[in-house]
Amino acid sequence: MDTFENNHTPQTESVNFETRIDLAPLLQRVNEIKAELGTVIVGQHKMIDQLLVAVLSNGHVLLEGVPGVAKTITAKLLSKTLDLDFSRIQFTPDLMPSDIIGTSVFDLSKSKFEFKKGPVFSNFVLIDEINRAPAKTQAALFEVMEERQITVDGQAYPMDTPYLVIATQNPIEQEGTYRLPEAQLDRFLFKISIGYPNLEEEIHILQKENALQDKNKLDHIRQILSKHEIGNYQNLVKQIMIESHLVEYIAKIVMNTRENAFLYLGASPRASIAILNAAKGFAALRGRDFVTPEDIKDAAVPVLQHRVVVTPEREMEGITSTEIIRQIIDTVEIPR
């Protein structure tokens with residue numbers, strides 16, 4: 001018995017827990033981006049993490065919050081830290097599909113029609129107040145958000161990669177707004193809800209604003225990640241390991257949304273894939289090359305809360321989709 005213990009003690013001491021994938025360069029870049037955003041944005045650490053996960057997962061984001069909580073400025077700041085082509089589209093009730101995707105124009109010198117690309121042709125597209133445009137304009141985004149291409153007059157125009165859409169909307173104001181189609185909501189990886197800052201953060205915001213005076217908040221923001229690096233890191237995140245029992249855990253959470261009596265519409269298989277990809281992104285942000293149940297839990301709420309529909313009865317009682325999703329997560333047994 002003593003011999004057995006002596007033979008195994010040195011082995012226990014020399015166990016090496018080094019990661020299979022080198023995430024150190026990625027973590028360094030992530031910390032640099034957080035530092036740049038932190039020079040302007042006060043608090044909102046969870047939102048920033050979710051935005052970075054969306055970039056690493058090559059997914060689109062819907063930012064929801066009342067006016068004045070820095071939705072648009074956050075998106076613009078993030079775009080400044082990434083060396084990507086940027087375009088901003090202000091959605092209005094009179095906006096037409098051709099205003100965003102482009103249109104065919106007759107060229108007299110060549111005696112033929114030529115396609116003039118719209119502002120949606122960019123790497124980083126910020127859509128401000130997305131719920132102010134009517135259904136036909138919203139539908140123009142379906143193809144580009146899912147397939148990263150636009151089809152006009154029978155010809156497909158692929159988008160340059162990476163391709164990221166960040167949209168903002170105000171959940172309170174109803175006049176002059178349109179409900180986003182479920183098919184479009186399903187194309188957003190995350191819906192991130194931004195709340196009010198606490199007292200300490202509010203004071204910090206005022207102090208920063210007072211110190212800035214007339215200076216532009218965006219002038220000093222550095223570009224951290226190149227287009228090439230983003231593509232490499234996105235491929236790196238895809239290689240992060242996830243055990244089969246955790247894949248089953250994701251499937252059970254999503255299946256529960258379809259069987260929940262409080263939900264009129266459950267999540268689709270696209271949501272399952274989104275949780276899988278986002279969980280890998282959270283693992284990478286935490287310096288791990290493997291997914292844990294905690295990563296899946298953190299991914300599940302922003303992935304699912306906009307993809308499910310609460311029954312009218314429960315909605316009248318004030319129950320939100322976020323509360324139901326959290327209850328489902330608490331109910332599904334964590335695999336050991």
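**A parallel sheet and its helices**

In strand β9, Leu164 is the bridge partner of Phe124. Strands here are DSSP runs of type E with at least two residues, and helices are runs of H or I with at least four, both numbered from the N terminus. The model is a predicted one, in which local features need pLDDT of at least 70 and side-chain atom pairs count only at pLDDT 80 or more, while totals for chains, interfaces and linings use all residues. Residues are numbered from 1 along each chain as its sequence is written, and side-chain values use heavy atoms, leaving out hydrogens and water.

Four bridges join β6 (residues 124-128) to β9 (residues 164-169), and these strands run parallel. Two strands pair if DSSP finds at least two bridges between them.

Turning to the helices, the axes of α12 (residues 293-304) and α14 (residues 321-331) come within 9 Å and cross at roughly 150°. Such axes are lines fitted to C-alpha atoms, for helices over the stretch in contact, with angles running from 0 to 180 degrees between N-to-C directions. The two helices, α12 and α14, are therefore roughly antiparallel to each other (a term for angles over 145 degrees). Where they meet, Lys297, Ala300, Val301 and Leu304 of α12 face Thr322, Ile325, Arg326 and Ile329 of α14, contact meaning heavy atoms within 4.5 Å.

Notes
Parallel < 35°, antiparallel > 145°, perpendicular 65-115°, else oblique.
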